[in-house]
Amino acid sequence: MSTSLSTSGSAPGHPTADAGPSALCAREPRVPAERLVAEMVPPPRFDSVRFDTYEPDPAQPSQTEAVTVLSGFAAGLGGAHASGSGKRRWFSKAPKAAPAGPRGVYLDGGYGVGKTHLLASLWHATPAEPALKAFGTFVELTNLVGALGFQQTVQTLGGHRLLCIDEFELDDPGDTVLVSSLLSRLVEQGVALAATSNTLPGKLGEGRFAAADFLREIQGLSAHFRPLRIDGQDYRHRGLPDAPAPFSDEQVAKAAYATPGASLDDFPGLLDHLAKVHPSRYGALTDGIAAVCLTDVGPVPDQSTALRLVVLADRLYDREVPVLASGVPFDRLFSEEMLNGGYRKKYFRAISRLTALARDAKPLVSQ
């Protein structure tokens, strides 16, 4: 299950301070299909989350209600698999089953209200061994289908009790149809589903994704989902100070050389490099990296580049990798046009997550 990591310049892994920082731009990871399957578990940031570690906002009763509903949903997934077996099917076709009532939940809410925390808690609380539960983002699921093929993915996941899909993407019609077809096959085999989702292009509304849009887009699957709305403000900003101001190039470089396992990249160069690496490999791109140091951070030039940066921000946040930067503040990465467009929820999430990682990186700079 190893990952091939072609590099030039500094060696990958955990370089010492004497060896100097590595560079993300020097990495070209190759990720085997079996790693994609094995990594369908909650990311490191959510290894230890549970329902009782979720801190509901007292002003938002829907958050407390969500914990109660999801706890009951997890408990209901115990016992035999709905298809009649608790064993994982890799190469055999499972018989069709017809589970009664909704076998899925959809967590509907804005960014930063703790949807991923709750989704990961559901995964942990479901009474089944880890090999019978899968957790991944929509992008990771489509990458799995690309690596294994549609039928093999159905066979691989068909014996599971639960499939959790974080950040279900509805802005690519082709991928939406592909994953909807996959989920239909899995539901037939008795797999329970849970999902969170992003907004549709052009759906400005309240700045959040509407459950009705999700249920309409997944067409025949809607009867299998119970929408669960979670209101609230971004917890990453709740009661916290503003993001720290960017540091100077000299401070960032000095911190990179002083921090074992840090990487050091010029931001424009990194954006160019991301275009050469498939987003499914962005997690592997950060393997062994203890902190990401970036110089000359500036506004992202176009939407394709911005969407790649969103994926990288998600992977860094999942892995709790601090980000130390010079240049413009992270809330100026995306243009007003981007922040008012159909992908704005992704961009606000990226700003929120990068801001949190910038706070984590502040101690790296010696005072």
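Student: What do the buried residues of helix H2 pack against in this predicted model?

Tutor: The partners of those buried residues are strand S3 (104-108), helix H3 (115-125), strand S5 (162-168), strand S6 (192-197) and strand S7 (225-229). The buried residues themselves are Ser62, Gln63, Ala66, Val67, Val69, Leu70, Phe73 and Ala74.

Student: How do you know that the span of H2 agrees with what its 15 residues should give?

Tutor: Let's check it. H2 covers residues 61-75, and at 1.5 Å a residue it should span 21 Å. The C-alpha atoms at its ends lie 22 Å apart, so the two values agree.

Student: Why is Ser263 called buried?

Tutor: Buried means under 20% relative accessible area. Ser263 has 0% relative accessibility, so Ser263 counts as buried. Ser263 belongs to strand S8 (residues 262-266), and its contacts include Pro21, Leu24, Ile289 and Cys293.

Student: What makes Cys293 count as buried?

Tutor: The relative accessibility of Cys293 is 1%, so this residue counts as buried. Cys164 is also at 1% and therefore counts as buried.

Technical notes
Residues numbered from 1 in each chain as written. Predicted model: local features only at pLDDT ≥ 70, side-chain atom pairs only at ≥ 80, totals over all residues. Heavy atoms only, no water. Helix = DSSP H or I, 4+ residues; strand = E, 2+ residues; numbered from the N terminus. Expected span 1.5 Å × (residues − 1). Buried < 20%, exposed > 50% of the residue type's maximum accessible area, 1.4 Å probe, protein only. Contact = heavy atoms within 4.5 Å. Lists of a residue's contacts leave out its neighbours within four places in sequence.
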